[in-house]
Amino acid sequence: MIVIRVGELADHLGVHRNTVRNWINGGKLPARQMAGKRYLITENDFARLCREFGIDRSSLKLKYLPGSPVMSREMTCQEKDVAEIGGRSARLLPDADWGDACVTCGSCAGACPISGVDGMDPRKAIRMAVLGREEDLIASQWPWKCTLCGKCEEVCPMNVEIVAFLRRVRGLRDRKKVPGSLQKGVLMCLEKGNNLGIPREDFIALLQEMGREMRDEGYPDFEVPIDRPGANLLVTLNSKEAFAEPAAMKSWWKIFSAAGESWTLPSQCWEGVNWGLYTGDDEAMKGIVGNLVANMVRLGCRTLLLPE
Amino acid sequence: MSRWFQEEAKHFKVISVIDLLVDYLQKGRIRVDSSRHPELTTYHDPCNYGRNSLKAFGQGYFEEPRWIVRQCAPQFVDMFPDREGSYCCGAGGGIWATPFKEERVYHGRLKARQLKQSRARWVITSCHNCRDQIVSSLCKEYDLDLGVKYLWELVADSLVTGPAVS
Ligand code: SF4
Ligand code: SF4
């Protein structure tokens with residue numbers, strides 16, 4: 001058993017004390033509370049935490065409870081985990097800027113905010129592809145924990161296209177295994193025209209309700225222009241706006257009113273956030289963009305406004 | 001879009017919310033009052049408007065949003081690093097729709113530290129993911145004492161013309 005202090009561990013990870021407490025309360029980090037803000041965790045749980053967040057154990061002052069072995073079984077068995085290497089397949093080859101240019105300098109791993117999570121970092125991901133461990137890479141959750149933020153790419157001296165590469169890795173995963181609700185959102189958007197599958201009638205009712213609020217807020221002539229042919233600007237939304245915070249749309253409506261803009265919101269296929277980008281699925285992305293284009297043609301608008 | 005729908009795309013143009021706001025302000029189609037946001041304000045560069053747009057389209061939106069923010073909130077401060085070196089809020093890449101909450105919050109620790117060090121009272125951003133991450137995760141998990149607004153929310157709240165009542 002190991003004794004930790006929430007504050008020390010949080011400082012070490014650069015997170016807030018509350019975050020560590022949330023992990024403990026939520027069961028992510030099973031721990032037993034002791035006196036004086038200290039917690040007791042098992043060797044195995046601690047080893048797992050270190051692996052997940054890339055913590056260097058030797059840099060932490062740890063207190064072991066008497067009688068517990070310092071080396072855990074978990075740590076020794078890592079050594080047996082020597083991977084087979086194979087050739088690189090054509091699936092991750094299409095771009096020479098993915099991997100072949102990499103000089104393994106590690107700059108990307110240094111810049112990535114989630115290096116160490118799951119024992120991974122961008123350089124390792126590239127190496128796995130180059131050394132033919134691509135099945136492991138595709139099966140790994142790490143490329144989905146990456147936010148495609150591009151910090152890694154920005155520092156790469158060889159201009160390796162790490163973000164495009166990781167997106168490609170996502171795209172190679174069996175669609176049934178895409179994490180969370182991303183794939184569902186993509187299918188929903190292709191079928192119903194928005195990521196959350198909000199029906200057309202509900203959407204129109206919501207817009208009318210918001211329109212009433214606008215009139216109460218000092219825009220007496222306001223009407224939401226739904227499907228107005230010939231409007232200059234076609235506005236798209238993030239389905240979260242319609243679902244979780246419709247009032248936020250009013251900011252835009254006030255700006256349009258002030259600017260005297262001729263605008264419209266389509267009653268269908270108004271989703272402007274393309275999750276195909278995140279699932280690495282170009283075909284789906286194209287289908288979703290196609291729906292927007294169809295709207296533009298149907299209503300004869302001249303400008304398409306994307307929500308973010 | 002122009003890659004897939006060349007023919008149709010000839011008939012219209014695609015713009016971002018930042019393009020539109022800059023256009024309105026520059027042409028004087030809307031006017032803003034800079035006295036309503038006197039507190040120190042900073043801007044968070046969303047990865048997709050900044051760094052990733054720079055890479056994909058050869059143009060990143062770095063100065064335009066800052067210009068808009070300054071029109072509304074003249075007391076402006078930048079975080080460090082910013083622009084193409086900005087830290088991600090932690091919620092990009094569709095991670096909101098995945099179960100990886102702990103990783104999302106962990107990733108955001110660097111942004112939270114930057115925000116705290118900026119001493120700003122407001123942070124403005126132009127991305128829904130970023131805004132939600134800062135409001136509902138970073139502010140709570142890292143005890144940040146600041147407000148978050150969308151860029152267009154800031155502009156709407158600063159509008160001079162508009163409702164007859166104001
Ligand atoms: S920064 Fe570029 S060259 Fe260096 S290890 Fe990463 S991908 Fe390879
Ligand atoms: S894009 Fe992914 S791998 Fe690169 S720095 Fe961001 S989180 Fe890390």
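User: Let's start with a strand: which residue in β7(A) is the bridge partner of A:Leu234?

Analyst: This is a predicted model in which local features need pLDDT of at least 70, side-chain atom pairs count only at pLDDT 80 or more, totals for chains, interfaces and linings use all residues, and side-chain values use heavy atoms, leaving out hydrogens and water. Residues are numbered from 1 along each chain as its sequence is written, while chains are lettered from A and ligands numbered from 1 in the order in which they are written. Strand β5 (residues 233-235) of chain A is parallel to β7(A), with three bridges joining them (two strands pair if DSSP finds at least two bridges between them; strands are DSSP E runs of at least two residues and helices H or I runs of at least four, numbered from the N terminus). In β7(A), the partner of A:Leu234 is A:Leu304.

User: Which residue of β1(B) is the bridge partner of A:Leu305?

Analyst: Here the pairing crosses from one chain to the other: β7 (residues 303-305) of chain A runs parallel to β1(B), with three bridges between them. In β1(B), A:Leu305 is partnered by B:Ile15.

User: Which strands stand at the edges of that open sheet, and why is one side of each left without a neighbour?

Analyst: The open sheet has four strands with parallel pairing, in the order β6(A)-β5(A)-β7(A)-β1(B). Each edge strand has a single partner strand, so one side of it lacks a neighbour in the sheet, and these edge strands are β6 (263-264) of chain A and β1 of chain B.

User: In β4(A), which residue is the bridge partner of A:Val3?

Analyst: A:Val3 has a bridge partner in β3(A) as well, namely A:Leu40. β1(A) pairs with β4 (residues 63-64) of chain A in the antiparallel sense over two bridges. In β4(A), the partner of A:Val3 is A:Lys63.

User: How much area do chain B and chain A bury between them?

Analyst: Each chain brings 66 residues to the contact (heavy atoms within 4.5 Å). Of the buried area (accessible area to a 1.4 Å probe that two parts lose on being put together, summed over both), 63% is on carbon and sulfur atoms, and the total is about 5600 Å².

User: Which residue of chain A meets B:Glu103 in a salt bridge?

Analyst: There are five salt bridges across the interface of chain B and chain A (a Lys or Arg side-chain nitrogen within 4 Å of a carboxyl oxygen of Asp or Glu). In one of them, at 2.9 Å from N to O, the side chain of B:Glu103 meets that of A:Lys145.

User: What is the omega of the peptide bond from B:Phe80 to B:Pro81?

Analyst: Most peptide bonds are trans. B:Pro81 lies in the loop between α4 (63-72) and α5 of chain B. The bond from B:Phe80 to B:Pro81 is cis, with omega near -10°.

User: And what is the phi of A:Asp118?

Analyst: A:Asp118 sits in the loop between α5 (107-111) and α6 (122-130) of chain A. Although A:Asp118 is not a glycine, its phi is positive, at about 55°.
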